Each structure stands twice: as C-alpha cells, then as structure tokens.
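Please look over the sequence and the structure shown below before reading on.

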Amino acid sequence: MSPILLALLGTGFTFLATVLGAATVFLFRKDIPHGMQRAFLGFAAGVMIAASVWSLLIPAMEMAQEAGQPGWLPAGGGFVLGGLFLLLLDRLLPHLHPGSDEPEGVKTSFARTTMLVLAVTLHNIPEGLAVGLAFALSGTSAAMSLTGAMALSLGMALQNFPEGAAISLPLKKEGLSNAKSFVYGALSGIVEPIAGVLGVLAAGAVTGIMPWLLAFAAGAMIYVVVEELVPEASLGEHSHTGTLSVMLGFLVMMALDVALK
C-alpha cells in the first residue's frame with residue numbers, strides 16, 4: 001500500500017474521532033462541566049507527551065542510527081524546529097481559546113467563532129503530521145511497525161474526541177446553532193489528513209528527512225502541551241483532576257505503544 005494512502009487511512013481515523021467529539025453538541029445543552037473539561041485536557045496532554053517520546057523521538061533516533069548518523073542530531077534538531085514552528089504560528093495565526101476573551105496572533109477582523117476554530121486547528125497540525133508519518137514509515141523502516149502506527153493513531157483519536165467537543169460546545173455558547181457548531185467543530189480536524197499527506201510528500205522528496213520530521217512533530221506537540229493543555233487542565237484551586245488525567249493519558253499511550261509495537 002502506498003505511503004500516502006496509509007497516511008490518509010491513519011489520519012482519517014483521527015479525523016473521524018474529532019467528528020464524533022463535535023457531535024456531542026447534540027447531547028449537551030450547556031458547556032462541559034469544568035471538572036470534566038480539565039480531565040479531558042489533562043488526558044490529551046498525557047497522550048501527546050507519551051506519543052512524542054515513544055512514537056516519534058525514539059523512532060527518529062533509531063532511523064538516524066540505521067543510516068549511520070548520531071541519533072541525537074535529528075531528534076534534537078527536529079524537536080527544536082517543531083517548537084519554533086508552533087511558536088511562529090501561535091504569534092501569527094489569529095485564534096481564540098475557549099473561555100478566553102483576548103484573542104492571540106495578529107490583529108484581525110475575524111469573528112470570535114472563526115478564531116475559536118483556528119485555535120483547535122493549531123493543535124491538529126502536529127497530530128496529523130505525526131500520525132501520517134508513522135503510517136508512511138511503517139511500510140519502509142524497522143523503526144516503526146504497522147501496529148505501532150495504529151497505536152499512535154488510536155492514542156490521537158482518544159484525545160481528539162474531547163477536542164472535538166471542546167470546540168463545538170463553545171461555538172454553541174457563542175450563539176451558533178447545533179448544526180453549525182457541529183460542522184465547524186468537525187472541520188477543525190480536517191487539517192490532520194492534510195498535514196499527514198504533506199509530511200509524507202516532504203519525506204519522499206528529500207532523502208533522510210524522515211527522522212527530522214518525526215522529531216519536528218514531537219516538538220510541535222510538546223509546545224501545544226506546555227503552552228496550552230497543561231495550564232488549562234490546571235485551572236482552579238484544586239488541579240488534582242487535571243494532574244491525574246495527564247498521568248492516565250501518559251500511561252494509556254505508553255501502554256498502547258509498547259504493547260502493540
């Protein structure tokens with residue numbers, strides 16, 4: 001099976017999880033309770049941390065060593081570049097986080113609903129890149145098995161479900177209908193298949209770039225975790241729910257990767 005088709009299948013599954021999460025707008029009359037939201041965000045953070053290490057950085061180092069290169073070079077270099085890329089997008093792309101009144105990025109006349117969707121879209125870029133690359137790599141290198149790529153896809157899907165809800169419900173709160181909130185929430189995940197395919201095309205065009213791209217995705221995901229997910233999961237006087245959810249997400253993703261690899 002071609003790497004691009006594999007990438008589309010993997011990212012299509014994670015996109016479907018976002019769609020299902022966005023569909024919760026038809027079930028909830030109001031926003032998600034704060035405790036549940038902290039749990040969802042914390043779980044997503046834990047999954048992304050574990051995926052960055054086991055599914056991205058370690059395979060990147062193994063691939064580099066297979067090619068006779070020092071493993072730390074692409075892992076460290078790509079990691080830094082991924083973080084800087086998300087920092088640049090964070091500074092430039094107009095977006096608004098749920099529960100916040102102050103938009104980030106360059107000044108714009110975009111509606112609040114548009115900026116809410118763009119905020120979640122930022123998260124989905126590195127996730128789509130990671131899953132797409134993992135599936136493409138599973139057919140060409142011993143550093144990533146097909147079951148390992150499936151584990152990563154499942155982990156991303158588990159945390160994409162609450163992400164879909166986290167965008168559709170605030171959109172409903174902003175005054176959009178259930179149908180529009182669902183559509184916009186679902187479309188926030190369409191960037192994942194796009195990012196996955198673009199990553200595979202880039203890796204195919206430049207020989208030896210795959211380890212750098214894997215580490216790039218890891219750096220971008222860690223940026224999202226530290227910049228947004230962990231602080232939001234720790235809001236309030238008692239952040240035990242968020243903290244324990246981070247640990248649970250990390251444990252689930254680690255177990256999936258190790259057990260299915």
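**Around Leu73**
- Leaving aside the neighbours within four places in sequence, Leu73 is in contact with Gly78 and with Trp212.
- Leu73 and Ala195 are 122 residues apart in sequence, and from C-alpha to C-alpha they are 24 Å apart in space.

**Helix 7 and its surroundings**
- Helix 7, which runs over residues 191-205 and has 15 residues, reaches 21 Å from its first C-alpha to its last, and this is close to the 21 Å expected at 1.5 Å a residue.
- The buried residues of helix 7 are Val191, Glu192, Pro193, Ala195, Gly196, Val197, Gly199, Val200 and Ala203.
- Among the elements that cover these buried residues of helix 7 are helix 1 (3-22), helix 4 (112-138), helix 5 (146-173) and helix 8 (210-233).

**Thr11 in helix 1**
- Thr11 is found in helix 1, and because its relative accessibility is 0%, Thr11 counts as buried.
- Not counting residues up to four places away in sequence, Thr11 touches Gly128, Val131, Gly132, Glu192, Pro193 and Gly196.

**Two helix pairs**
- Helix 1 and helix 5 pack at an angle of about 30 degrees, with their axes 6 Å apart, and their crossing is right-handed.
- The residues of the contact of helix 1 with helix 5 divide into 9 nonpolar, 8 polar and no charged; including Phe13 and Leu20 in helix 1, and Met156 and Phe161 in helix 5, they come from both helices.
- Helix 2 (residues 34-66) and helix 9 (residues 240-260) pack at an angle of about 35 degrees, with their axes 6 Å apart, and helix 2 passes helix 9 in a right-handed crossing.
- In the contact of helix 2 with helix 9, the residues divide into 15 nonpolar, 8 polar and 2 charged.

**Confidence in the model**
- The protein chain averages a pLDDT of 85, and 93% of the residues score at least 70.
- Among the elements of the protein chain, helix 4 has the lowest mean pLDDT, at 84, whereas helix 3 (residues 72-92) has the highest, at 92.
- Where pLDDT is low, the predicted coordinates should not be read in detail.

Definitions and conventions
Residues are numbered from 1 along each chain as its sequence is written. This is a predicted model: local features need pLDDT of at least 70, side-chain atom pairs count only at pLDDT 80 or more; totals for chains, interfaces and linings use all residues. Side-chain values use heavy atoms; hydrogens and water are left out. Helices (H or I, at least four residues) and strands (E, at least two) are DSSP runs, numbered from the N terminus. The expected span of a helix is 1.5 Å times one less than its number of residues. Buried means under 20% relative accessible area, exposed over 50%, partly exposed in between (1.4 Å probe, protein chains only). Contact means heavy atoms within 4.5 Å. Axes are lines fitted to C-alpha atoms, for helices over the stretch in contact, and angles run from 0 to 180 degrees between N-to-C directions. A crossing is left-handed if the near helix is turned anticlockwise from the far one by less than a right angle, and right-handed if clockwise. Ala, Val, Leu, Ile, Met, Phe, Trp, Tyr, Cys and Pro count as nonpolar, Asp, Glu, Lys and Arg as charged, and the others, Gly among them, as polar. pLDDT is the predictor's confidence in each residue, from 0 to 100.
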